[in-house]
Amino acid sequence: MILSSIVLVITIFIHNIMTSIHAQPVSFQIPPKMRAAQCTDYGKDVEQILSVPQDATVDTPRLGIDKPPAAFKNEMLIKVQAVALAPGDARVMSGKTREFQGPPSFPYTPGGDVCGIVVAVPEETKKGGQCKFSVGDRVAARFMNKPLGMLGEYALCNTDVCDVVPQNVSSEDAAALVSSAVVAVLIADRIREGDRVLIYGAGGGVGSHLCQMARLQGASYVAGVGRDYERLMEAPLYCDYAVDYTKTDPFSVKEWCDEPFDVIIDLAGGAWPALLQQRSSGHPSIVKSAKSKGRYLTTTPDNPVFEIHKMRDFFKIFLFPSLGRAISSRIGLSRASMPKYSYVLALPETSEALTRTLALASENKLIACIDEQGPFLFTSDGVRRAFELQASYHTKGKVVITVSSDK
């Protein structure tokens with residue numbers, strides 16, 4: 001009895017000590033200077049305009065004092081572990097949309113999709129509440145407004161489009177998933193069970209994840225169009241069939257003409273004009289008409305490499321073509337011969353879709369797809385190679401840069 005009492009007292013004593021240790025708030029020493037990628041001008045020659053200094057020469061952003069370069073609210077400070085690039089990163093650097101997506105000044109730090117460790121949170125959010133994240137949380141956040149400011153050792157990220165990363169998801173995978181895979185998850189919500197689905201641009205950042213999500217959503221047949229057709233039919237994409245568009249015209253595949261798709265998802269641009277040409281030539285279409293419940297979903301204009309300097313450019317490239325096609329394919333003569341056209345804007349300014357995406361990854365239902373050339377090192381050479389690959393528009397999955405592996 002006495003021995004049992006002694007054991008109980010010792011157990012309670014140890015528990016209280018451990019509880020006291022775990023109750024101590026996590027804190028980080030935040031240096032005044034950091035290493036960060038620096039872009040000095042617009043252009044394509046990354047050797048001339050992009051570098052990562054070996055020494056800590058860039059001011060570390062200060063929470064509550066410095067404004068995020070992307071001009072969003074509800075920010076917190078993270079120690080960056082990984083950054084994933086997207087077409088927008090290369091577009092900003094090119095200067096083709098400088099009036100709308102350009103940095104506030106030069107030099108600037110690029111990068112929008114990020115995973116890192118929270119090192120400082122605001123005492124109070126802009127809405128007057130308490131920040132939902134805590135110091136020490138490992139989080140993933142997508143870009144907000146424009147992809148700027150993340151490719152450094154520290155960054156201010158937006159808490160509205162952010163979530164805690166599950167323990168079994170790596171920081172590189174989380175960065176890869178936070179934007180492109182979220183788009184894939186939301187587009188997949190439009191796929192119906194039993195649909196025959198064609199994904200145009202299936203090998204890129206969104207496409208590599210959408211191939212998986214289409215199957216998960218219940219598609220009966222998933223076909224992909226991309227340069228590396230063999231990869232599209234391998235794990236984890238598992239397309240039923242794939243074609244290399246540089247060798248085979250996907251709009252003339254006999255099997256697809258004989259049994260047309262329920263939905264085409266165009267992630268690369270240019271599929272709608274090809275369908276119009278197919279119709280005018282009198283050949284059978286590879287997709288059902290709107291009258292037969294065929295759909296066409298896209299995330300990009302016909303030419304994904306566009307240039308916008310004035311609002312009229314935006315209307316000409318995005319609004320007018322999309323509006324005309326949406327109307328004519330629903331109530332016009334095209335309804336009997338063309339699928340129902342929808343331009344999909346798939347990135348909400350909340351974190352619910354990201355939460356779903358990270359949960360799917362944690363359950364191994366969605367595998368993050370990172371280009372085999374990466375993850376790239378956080379050096380001048382590594383970052384330059386990453387941007388060159390992204391600007392090529394021929395990535396195999398996501399382009400990811402490992403900034404730090406510190407926990």
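Tutor: Contact here means heavy atoms within 4.5 Å, and helices (H or I, at least four residues) and strands (E, at least two) are DSSP runs numbered from the N terminus. The model is predicted, so local features need pLDDT of at least 70 and side-chain atom pairs count only at pLDDT 80 or more, while totals for chains, interfaces and linings use all residues. Residues are numbered from 1 along each chain as its sequence is written, and side-chain values use heavy atoms, with hydrogens and water left out.

Student: Which residues in α3 meet which in α12?

Tutor: Pro87, Asp89, Ala90 and Met93 in α3 meet Phe387, Gln390 and Ala391 in α12.

Student: Why is α3 called roughly perpendicular to α12?

Tutor: Helix α3 (residues 87-94) and helix α12 (residues 380-391) pack at an angle of about 100 degrees, with axes 9 Å apart. Angles of 65 to 115 degrees count as roughly perpendicular, and therefore α3 is given that description relative to α12.

Student: What makes β5 and β17 a pair?

Tutor: Two strands pair if DSSP finds at least two bridges between them, and β5 and strand β17 (residues 399-402) have four, in the antiparallel sense. Ala84 has Val400 in β17 as its bridge partner.

Student: In what sense do β16 and β17 pair, and over how many bridges?

Tutor: Strand β16 (residues 376-377) pairs with β17 in the parallel sense over two bridges, and Phe376 stands opposite Ile401 in β17.

Student: Which residues does Ile199 contact, leaving aside its neighbours within four places in sequence?

Tutor: Among them are Gly207, Leu210, Cys211, Val222 and Ile265.

Methods
Axes are lines fitted to C-alpha atoms, for helices over the stretch in contact, and angles run from 0 to 180 degrees between N-to-C directions. Angles under 35 degrees count as roughly parallel, over 145 as roughly antiparallel, 65 to 115 as roughly perpendicular and the rest as oblique.
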